[in-house]
Amino acid sequence: MNNLLVLPVLLPMVIAVFLMFFRKKVELQRVIGLIGGIANVLIAGMIVLRVRSEGIQTLQFGGWSPPYGIVFVADMFAALLVLAVSITGLAVLIYSFASIGREREEHYYYTFFHFLLVGVYGSFMTGDIFNLFVFFEVMLISSYALITLGGDKKQLREAPKYLLVNILSSTLFVASVAYLYAAVGTLNMAHLSQRITEAGQGGVLNVIAVLFLIVFSLKAGLFLFFWLPGAYGAPPFAVRALFGALLTKVGLYAIVRTFTLIFSGDPSFTHGWIAGMAAATMILGGIGAVAYRDIPRILNYNVLIGVGFVAFGLSVSTRDALDGVVFYMLHDILSKGLMFVLGGMLIAAAKTDRLDGMGGLMRRRPGLGWMFFILALALTGIPPLSGFAGKVLIVRGGLEEGMLALSLVALASSLLTLYSLVKIFREAFWGTEPEVQQEAEAIQGRKSKKISKEIKKKRTFDAGLANVSAVLLLAFVIGIGLASNSVYGFASQAGETLANPIFYIEAVLKGE
Amino acid sequence: MPRGSDVFLQNISKIVVFIILAFALYLFFTGHGSPGGGFIAGLMSAGALLLLALAYDIETVRKVVPIDFKIVTAVGLLIALCGGTGSLLFGEPFLKHAFGYFQLPLLGETELHTALIFDLGVYLAVVGVTMTILLTIGEDN
């Protein structure tokens, strides 16, 4: 029995429920969450190692064999993403300690945090398309709570839009599942894949495929991202890190999973759609990242560029490109988490989110500055860092398949990423500090002498926690880059399953 | 705000509340073989409490059921989780259920199923969530 597979979902769920009992005891909540987060990294690591040595793992809930029961399936792709999410989750949790504020912490922040993780882990592990919907909802409802928690004016303005878009896309998700069930009569993903191959994809199944593409694109911010830049600008930065690193990736994971496993029968049609949407996302995301002069927007549009890049890799769909997709998604989860953590620290240090009011931060926060610089290089894909291998594999696949224009767009979008982030680096960290800022600081300097020792101690403690979180993520961003060769071994095992869905189907349906 | 003059409403609801709660209990236990189950029973029970709140006021409901309904939700979720994870202790897959026939004092031979634990969790969670929503909106000025 493989009960190990349910632990990544079960552990945060138990924690979330336990934390409901003592919402006022913030310190206890933090300690429990921290222990759970570390435990989940270890569990995810064990799953990866087991999949590495023994191949695809399945767990049949209640002992009912598929296609009748729900299965949890851990192939290398899902296992790696669970590991990346658990690391990012732990880092964002630590950053939450430093930045979220007692008021929010007392109002079930950590409960919603852990329920969001439940939804993300579950979406990655499940092998049943309706169960995928349920885990999507677990994740989304927690995200509704997190985006409104605190009740700032900005949050209350953006949250209804976010809710409306997601409720609409969820409804469409249910409708698409209903159509699919009516057409082929099963919900298990492996069984679906088998039945669709037997029936031959075309006609009505292609329509359903496009419906699923629309649903997941709305969630992932692939071309249908009109809601994203505003909504991701509303909540506190710890929540944004969670959203930017995890939520769009779950939508992307669902696209990759459905279009490599279930709807892989007519790639010239479906993958053509994906290619077009990927190009549009990269172009529009790049334009947005370059156009704006406030940091939240620049960061949000950078999330979109990453989404477009993965979709481009999927539309190429050669073995190399699929390896690249896995590699790039790993990098993207960790580095987007880091991007928002650093963004939050930067805005906290500068006390404004407009680039115009910033400058000269290098003098006060050199560590933050260099971390941001390394991040900019990693997101662009400069060789020793984590973004490189994935981008090379994807673009090489694109060129081999003769998708020259799209490959050029992808490379240009990397350039725009670099430009937009270096713009932040140059204007916020170099130059002289604006006079207003200096005055404010002088006033605060005088005040801070009066501030009691306790508050001062808490501030240094919080700053330390934020640094721990950023360094933790940065270590992985650099580490994945340096260890590209060994990580590639894992990514290529994942790519192999994505390229040959028959492995997945055999593992699930013949089971145990 | 106490509403002392609703004599009919208050006296009838005193009786009807118990009928509704009994029906909810029936729905809860009959769920395995016929329509019913934890969800609908939970909604029914919350409906009974809502009737109390309408006939009297929210303070009365708080006095009748002097617990925080958020805690009820949490307890429900915890019980439901236990219903699923219990199987892990016996080396069985997650959510594996077991059942057996027992000789009970009043009921005679009865089938007992671990799915009932899960249903009890669902029941409490539904009651908790529904009452939290109703009371929070009711008290919001």
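Where does A:Phe223 lie? A:Phe223 sits in the loop between helix H9 (204-220) and helix H10 (228-231) of chain A, and it comes up again below. This is a predicted model, where local features need pLDDT of at least 70 and side-chain atom pairs count only at pLDDT 80 or more, while totals for chains, interfaces and linings use all residues. Residues are numbered from 1 along each chain as its sequence is written, chains are lettered from A and ligands numbered from 1 in the order in which they are written, and side-chain values use heavy atoms, with hydrogens and water left out.

**Pocket and cavities**

- The largest pocket holds about 1800 Å³ of space. A pocket here is an open set of points on a 1 Å grid over the protein atoms alone, with protein on both sides within 12 Å along at least five of seven lines, and lining residues have an atom within 4 Å of a point. Volume is the space filled by probe spheres set on the points, with grid points joined across faces, edges and corners.
- Of the 46 residues lining the largest pocket, A:Phe115, A:Val138, B:Thr73, B:Leu77 and B:Val129 are the closest to its centre.
- Helices (H or I, at least four residues) and strands (E, at least two) are DSSP runs, numbered from the N terminus.
- H5(B) gives the most to that lining, with ten residues.
- By class, the pocket lining has 33 nonpolar, ten polar and three charged residues. Ala, Val, Leu, Ile, Met, Phe, Trp, Tyr, Cys and Pro count as nonpolar, Asp, Glu, Lys and Arg as charged, and the others, Gly among them, as polar.
- There are also five cavities of 30 Å³ or more in the structure; a cavity is a set of points where a 1.4 Å probe fits but cannot get out.
- The largest cavity has about 100 Å³ of space. Among its 15 lining residues, the closest to the centre are A:Gly36, A:Gly37, A:Asn40, A:His114 and A:Leu117.
- The lining of the largest cavity divides into eight nonpolar, seven polar and no charged residues.

**Salt bridges**

- Over all chains, the count comes to 16 salt bridges, each being a side-chain nitrogen of Lys or Arg within 4 Å of a carboxyl oxygen of Asp or Glu.
- A:Lys24 and A:Glu106 pair up at 3.6 Å, N to O. They link distant parts of the chain, 82 residues apart, with A:Lys24 in the loop between H1 and H2 of chain A and A:Glu106 in helix H4 (residues 102-106) of chain A.
- A:Glu106 is buried, at 17% relative accessible area. Buried means under 20%, exposed over 50%, and partly exposed in between (1.4 Å probe, protein chains only).
- A:Glu105 and A:Arg30 meet at 3.1 Å, N to O, and both residues are buried.
- A:Asp356 and A:Arg293 meet at 2.8 Å, N to O. Salt bridges that share partners join A:Arg293, A:Arg354, A:Asp356, A:Arg426 and A:Glu427 into one network.

- A:Phe223 has a phi near 65°, a positive value in a residue other than glycine, and it is partly exposed at 39% relative accessibility.
- A:Ile283 lies in helix H12 (residues 267-291) of chain A and is partly exposed at 42%.
- A:Lys351 has a positive phi of about 60° although it is not a glycine, and it counts as exposed at 52% relative accessibility.
- The peptide bond from A:Pro66 to A:Pro67 is cis, with omega near 5°.

**Chain B**

- Chain B has five helices and two strands, in the order α-α-α-α-β-β-α along the sequence.
- Buried residues make up 33% of the 141 residues in chain B.
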